[in-house]
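Please keep the sequence and the model in view while reading.

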Amino acid sequence: DSLFPPSSSSETTSAYISLEVNGEKRQGSTLDNMIWNVPDTISYLSKYFKLQPGDLIMTGTPGGVSDIVVGRFSFPPIIIIGDNLGLYFT
């Protein structure tokens, strides 16, 4: 009944995660580039929310991914209604 079995802990520190929008890769990095690690993030959020299988935790983007500047629009839009999203965790 756990989201990640304890035996998969190495997957939560060095795995590669990427996002595709309509088949085009938009982001990709290893989890060790995130500011907060996965176990600490889950632990912290679990204090305030009941996490269940299937829940997604949106953490933002790792360094090196194009910045979004307040007051400036992105073209093309990052994600619009009807886009097909692919999230890959390897």
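The sections below go from the whole chain to individual residues.

## Basis of the model

The model is predicted: local features need pLDDT of at least 70, side-chain atom pairs count only at pLDDT 80 or more, and totals for chains, interfaces and linings use all residues. Residues are numbered from 1 along each chain as its sequence is written, and side-chain values use heavy atoms, with hydrogens and water left out.

## The chain as a whole

The protein chain has two helices and three strands, arranged along the sequence in the pattern α-β-β-α-β. Helices (H or I, at least four residues) and strands (E, at least two) are DSSP runs, numbered from the N terminus.

Of the 90 residues in the protein chain, 16% are buried. Here buried means under 20% relative accessible area, exposed means over 50%, and partly exposed lies in between (1.4 Å probe, protein chains only). The protein chain exposes about 7500 Å², and carbon and sulfur atoms supply 58% of that area; accessible areas come from the Shrake-Rupley method with a 1.4 Å probe, and for residues only the protein chains shown count as cover. Among contacts (heavy atoms within 4.5 Å) between residues at least 6 apart in sequence, 55% join residues at least 24 apart.

Asparagine 22 lies in the loop between strand E1 (16–21) and E2. With a relative accessibility of 47%, asparagine 22 counts as partly exposed. Most residues other than glycine have a negative phi. The phi of asparagine 22, however, is positive, near 55°.

A polar contact of 2.8 Å links the side chain of asparagine 22 to that of aspartate 83. A polar contact is a pair of N or O atoms within 3.5 Å; within protein, one must be able to donate a hydrogen and the other to accept it, and residues adjacent in sequence count only if both atoms are side-chain atoms. Aspartate 83 belongs to the loop between H2 and E3 and is buried, at 18% relative accessibility. The side chain of aspartate 83 also reaches the backbone nitrogen of isoleucine 80, at 2.8 Å.

Glycine 82 is placed in the loop between helix H2 (38–46) and strand E3 (85–89). Glycine 82 is exposed, with a relative accessible area of 66%. From C-alpha to C-alpha, glycine 82 is 9.4 Å from asparagine 22, although 60 residues separate the two in sequence.

## Serine 29 in strand E2

Serine 29 is part of strand E2 (residues 24–30). Its relative accessibility is 9%, so serine 29 counts as buried. The side chain of serine 29 makes a polar contact of 2.9 Å with the side chain of asparagine 33.

## Aromatic residues at the surface

Which residues form a nonpolar patch on the surface? They are Tyr44, Tyr48 and Phe49, with about 400 Å² of accessible area together. Patches are made of residues with over 30% relative accessible area and no salt bridge, where like charges are joined within 9 Å and nonpolar side chains (Val, Leu, Ile, Met, Phe, Trp, Tyr) within 5 Å. A salt bridge is a side-chain nitrogen of Lys or Arg within 4 Å of a carboxyl oxygen of Asp or Glu.

Tyrosine 44 lies in helix H2 and is partly exposed at 48%, whereas tyrosine 48 is exposed at 54%. One aromatic pair is found in the whole structure. The ring centres of tyrosine 44 and tyrosine 48 are 5.3 Å apart and the planes stand at 55°, so this pair is tilted. Rings of Phe, Tyr and Trp (its six-membered ring) pair if their centres lie within 6.5 Å; planes under 30 degrees apart count as stacked, over 60 as edge-to-face and the rest as tilted.
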